[in-house]
Amino acid sequence: MAMGAARKANVRLPPEVNRIIYVRNLPYKITSEELYDIFGKYGAIRQIRVGTTTETKGTAFVVYEDIFDAKNACDHLQGFNVCNRYLVVLYYQPNKMFKKVDQGKKQEELEKVKEKYGV
């Protein structure tokens with residue numbers, strides 16, 4: 001146990017590594033329990049959120065207790081085959097995710113202004 005803690009203390013992780021993992025390309029009918037079985041092998045999980053709306057179906061967020069467990073899961077499960085679908089496993093990066101949403105909102109606002117002024 002102490003050996004593992006000492007090993008983890010000396011490792012420097014890249015800045016994008018996070019305790020939260022974003023998973024895409026999941027089968028639509030996968031359950032949280034099945035995700036716990038798949039991702040639980042790599043460490044203690046704090047929370048799993050599976051997408052339920054039409055925009056978020058096939059995606060999930062997996063939150064690990066430890067950042068090293070999340071890194072291990074991300075490294076091993078990238079491209080893992082589940083029901084003939086290959087998983088896309090990424091670290092959650094809120095900056096990049098919200099930029100896409102903000103871009104869509106900006107485009108909508110631009111269209112409204114163009115329509116308002118007849119441009």
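Okay, look for Tyr22, Phe61 and Tyr92: ring pairs tie these three into a cluster. Rings of Phe, Tyr and Trp (its six-membered ring) pair here if their centres lie within 6.5 Å; planes under 30 degrees apart are stacked, over 60 edge-to-face, and the rest tilted.

Before going on, this is a predicted model: local features need pLDDT of at least 70, side-chain atom pairs count only at pLDDT 80 or more, and totals for chains, interfaces and linings use all residues. Residues are numbered from 1 along each chain as its sequence is written, and side-chain values use heavy atoms, with hydrogens and water left out.

Tyr22 and Phe61 make a tilted one, 5.1 Å centre to centre with 40 degrees between the planes. That pair links distant parts of the chain, with Tyr22 in strand 1 and Phe61 in strand 3, 39 residues apart. Helices (H or I, at least four residues) and strands (E, at least two) are DSSP runs, numbered from the N terminus.

Phe61 also pairs edge-to-face with Tyr92, at 5.3 Å centre to centre and 90 degrees between the planes. Here Tyr92 sits in the loop between strand 6 and helix 4 (94–117), 31 residues from Phe61.

Buried or partly exposed? Buried means under 20% relative accessible area, exposed over 50%, partly exposed in between (1.4 Å probe, protein chains only). Tyr22 counts as buried because its relative accessibility is 14%, and Tyr92 is buried at 18%. Phe61, at 27%, is partly exposed.

Four strands form an open sheet in the order 2-3-1-6, with antiparallel pairing; two strands pair if DSSP finds at least two bridges between them. Strand 2 (45–50) and strand 6 (88–91) are at the edges with a single partner strand each, so one side of each has no neighbour in the sheet. Strand 1 (residues 20–24) and strand 3 (residues 60–64) are joined by four bridges, and Ile20 has Val63 as its bridge partner.

Last stop, the largest nonpolar core, which has 21 residues. By that I mean a set of buried Ala, Val, Leu, Ile, Met, Phe, Trp, Tyr and Cys residues joined through side-chain atoms within 4.5 Å. Among those with the most contacts inside it are Ile21, Val23 and Phe39. Which element gives the largest share? Helix 3, with four residues.
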